[in-house]
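Colleague: I'm new to this one and would like to learn how to read it feature by feature. Can you walk me through it?

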Amino acid sequence: MLQLKQEPSATKFIMKASLVLTLTMVFLLGRPFLGKAEVYTALVDMEGLLETERVLAQTLSTLIKAQEETLNKLKRFQADLAREHEKASQDVQTYLSNPINAYTLVKHLTTDWKGIENLLADNKMKEFYSNVTNYHSVLKFPTDEDLNGAAVALMRLQDTYKLDTSAVARGLINGIQYSTALTAGDCFELGRQSYNNKDFYHTVQWMTEALQRFNEEANKTITKADILEYLAFSTYMEGNVHSALEMTDELLTLVPNHSRAIGNRVYYLQDISQKDLQRKRGEDGQLDTSPHAQPLTFSEKKLGDVDELPERELYERLCRGEVKMSPAKEAKLKCRYVHHNNPFLFLARLKEEEAFLSPRILLYHNILADSEIETIKRLAQPRLKRATVQNYKTGELETASYRISKSAWLREEEHPHIAAVVKRVEDLSGLTCDTAEELQVVNYGIGGHYEPHFDFARRGEQNAFKSLGTGNRIATTLFYMSDVPQGGATVFPHLRAALYPTKGTAAFWFNLHRNGEGDYRTRHAACPVLTGSKWVSNKWLHERGQEFKRRCGLTEHED
């Protein structure tokens with residue numbers, strides 16, 4: 001019977017820590033950290049991990065001085081960590097916003113640090129080990145869920161932006177060198193996380209890369225047998241039984257008594273015999289001479305016409321910038337200074353740019369001051385919680401894998417800056433915010449994204465916004481509170497349109513036609529953040545109170 005690879009003990013190996021995030025000190029947490037870390041869902045939450053990293057470096061340095069004759073492995077670990085801290089201390093935000101660095105930070109404080117803790121568990125160091133393990137109660141540590149979430153985020157970025165596995169492993173993102181190369185152990189852990197998620201496609205990619213790096217490494221960070229065990233079975237699951245057999249044979253030369261490999265080899269041979277027999281005979285018992293069409297590989301898949309693409313592929317192509325607005329449509333878009341007949345705006349006109357004409361999507365540039373942005377972020381940061389979506393059946397809020405971010409809600413009476421921003425929403429929209437939702441502030445996590453969705457509630461979603469009693473979301477104002485070097489665009493698949501984050505800019509559009517029906521063309525998505533930290537805030541305006549500010553139209557779908 002075919003045997004699946006079981007999870008190896010975390011103590012079986014100690015990963016080399018050459019890619020540990022080594023950044024400058026932030027601040028020591030003033031109280032114990034309790035509960036799940038879930039740091040991968042917001043980059044701002046990962047800043048606390050840097051202090052954990054610093055404390056662990058100091059602790060290991062002290063231990064090495066006291067036990068140097070028995071702690072050579074720890075000494076290398078500390079030396080690498082100190083060197084990386086010195087290297088990365090120039091720019092904390094830039095280094096942290098790199099998804100590869102973010103992944104390795106989480107990996108270091110889960111898989112790698114567990115190996116270190118087990119090394120410290122030696123009887124001669126019980127007292128020191130006790131002190132180290134107590135750090136979990138006073139410092140922020142990521143969980144295994146964070147490690148898996150960070151790994152999945154890298155896979156998402158890899159797929160969405162078609163990043164080459166080998167390039168990512170070298171620290172290259174879209175041709176730009178952002179970080180140090182990954183070790184064989186780092187690549188192995190990415191493959192292992194994919195394997196645990198039954199994602200054999202990415203397991204093969206990253207285990208293959210791990211094997212290549214293993215062959216190049218002087219100081220091994222993983223064993224070849226571990227790589228081959230995962231790689232062989234995942235290769236089989238991807239349909240290549242002959243390669244799986246070859247890898248299993250190689251594994252058995254390294255570990256002749258490997259029980260799972262022995263069992264799997266028998267199964268692979270049986271599978272090959274059955275397939276050989278099937279190839280020799282067709283259904284009528286005659287020789288099968290028809291050619292077997294091979295499925296296209298990932299890189300060989302041909303892209304169809306844009307209008308024929310499924311939404312998912314169109315969404316990803318928009319994220320990559322491969323779909324552009326036609327020159328004819330773009331030529332009709334205008335920029336202008338506007339006052340909307342508002343007395344105040346006659347003195348301080350808004351910089352309005354048309355991003356799309358129907359539905360009308362507008363950009364307002366320099367709408368937020370840096371001081372306002374910093375206030376909003378400062379007030380929101382302590383309250384950030386995993387962003388939720390509304391269950392269309394129950395109306396209840398719940399987390400979802402297709403929305404990776406953390407959010408907080410701010411009331412306008414909390415600070416004059418928030419009140420000023422809300423008043424500005426009224427000025428640019430011509431609507432009232434009396435029935436609007438509170439200002440939602442969002443920070444996206446590693447590879448943070450929000451897949452295609454509507455802001456308004458559709459006919460079948462009767463429980464949505466029911467508790468508010470203010471009707472449907474008539475309009476959206478989306479404030480960009482940070483620049484994003486790569487990725488993070490807001491895309492509208494139906495419109496083939498994309499908005500790119502620019503700090504201080506706001507996007508505005510109506511979600512409903514004038515007759516109150518949802519405008520399905522406004523379905524949009526937040527592309528994964530490739531590099532950088534993405535901060536946005538949303539102000540959703542509702543129908544009630546807008547009756548005389550946005551009157552009903554004379555036609556069914558009048559914008």
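Colleague: Let's start with Phe200: is it buried or exposed?

Modeller: For that we use relative accessible area: buried means under 20%, exposed over 50%, and partly exposed in between (1.4 Å probe, protein chains only). Phe200 comes out at 14%, so it is buried. Phe233 is buried as well, at 3%. Bear in mind that this is a predicted model, where local features need pLDDT of at least 70, side-chain atom pairs count only at pLDDT 80 or more, and totals for chains, interfaces and linings use all residues. Residues are numbered from 1 along each chain as its sequence is written, and side-chain values use heavy atoms, leaving out hydrogens and water.

Colleague: How many aromatic pairs does a search of the whole structure find?

Modeller: Rings of Phe, Tyr and Trp (its six-membered ring) pair if their centres lie within 6.5 Å; planes under 30 degrees apart are stacked, over 60 edge-to-face, and the rest tilted. The search turns up 14 such pairs. One of them is Phe200 with Phe233, edge-to-face, with 6.0 Å between centres and 75 degrees between planes. Phe200 belongs to helix α9 (residues 200–216) and Phe233 to helix α10 (residues 224–237), so this pair ties together parts 33 residues apart in sequence. Phe233 also pairs with Tyr236, this time tilted, at 6.4 Å and 45 degrees. Both of those sit in α10, three residues apart, about one turn of the helix. By helix I mean a DSSP run of H or I, at least four residues; a strand is a run of E, at least two; both are numbered from the N terminus.

Colleague: Which residues form one aromatic cluster?

Modeller: Phe188, Tyr195, Phe200, Tyr230, Phe233, Tyr236, Tyr267 and Tyr268.

Colleague: On to cysteines: which ones form a disulfide?

Modeller: A disulfide is a covalent bond between the sulfur atoms of two cysteines; here the test is sulfur atoms within 2.5 Å. The whole structure has one. Its partners are Cys319 and Cys527, with sulfur atoms 2.0 Å apart. Cys319 is in helix α13 (residues 311–320) and Cys527 in the loop between β17 (524–526) and β18 (529–531), so the link ties together parts 208 residues apart in sequence. The link is left-handed, with -85 degrees about the S-S bond, and both cysteines are buried.

Colleague: What do the buried residues of α13 pack against?

Modeller: Contact means heavy atoms within 4.5 Å. The partners are α6 (144–160), β11 (450–453), β14 (490–492), β15 (497–499) and β17. Seven of the 10 residues of α13 are buried, so the helix is largely enclosed by the rest of the structure. Just after α13, Gly321 has a positive phi of about 80 degrees.

Colleague: And which residue forms a salt bridge with Glu316?

Modeller: Side chains of opposite charge can pair when their charged atoms come close. The cut-off is a side-chain nitrogen of Lys or Arg within 4 Å of a carboxyl oxygen of Asp or Glu, and 28 bridges turn up in the whole structure. Glu316 bridges to Arg312, with the closest N and O atoms 3.2 Å apart. They are four residues apart in α13, about one helical turn. Glu316 is buried at 16%, whereas Arg312 is partly exposed at 37%.

Colleague: Which residues are linked in a network of salt bridges?

Modeller: Arg336, Glu352, Glu354 and Arg360.
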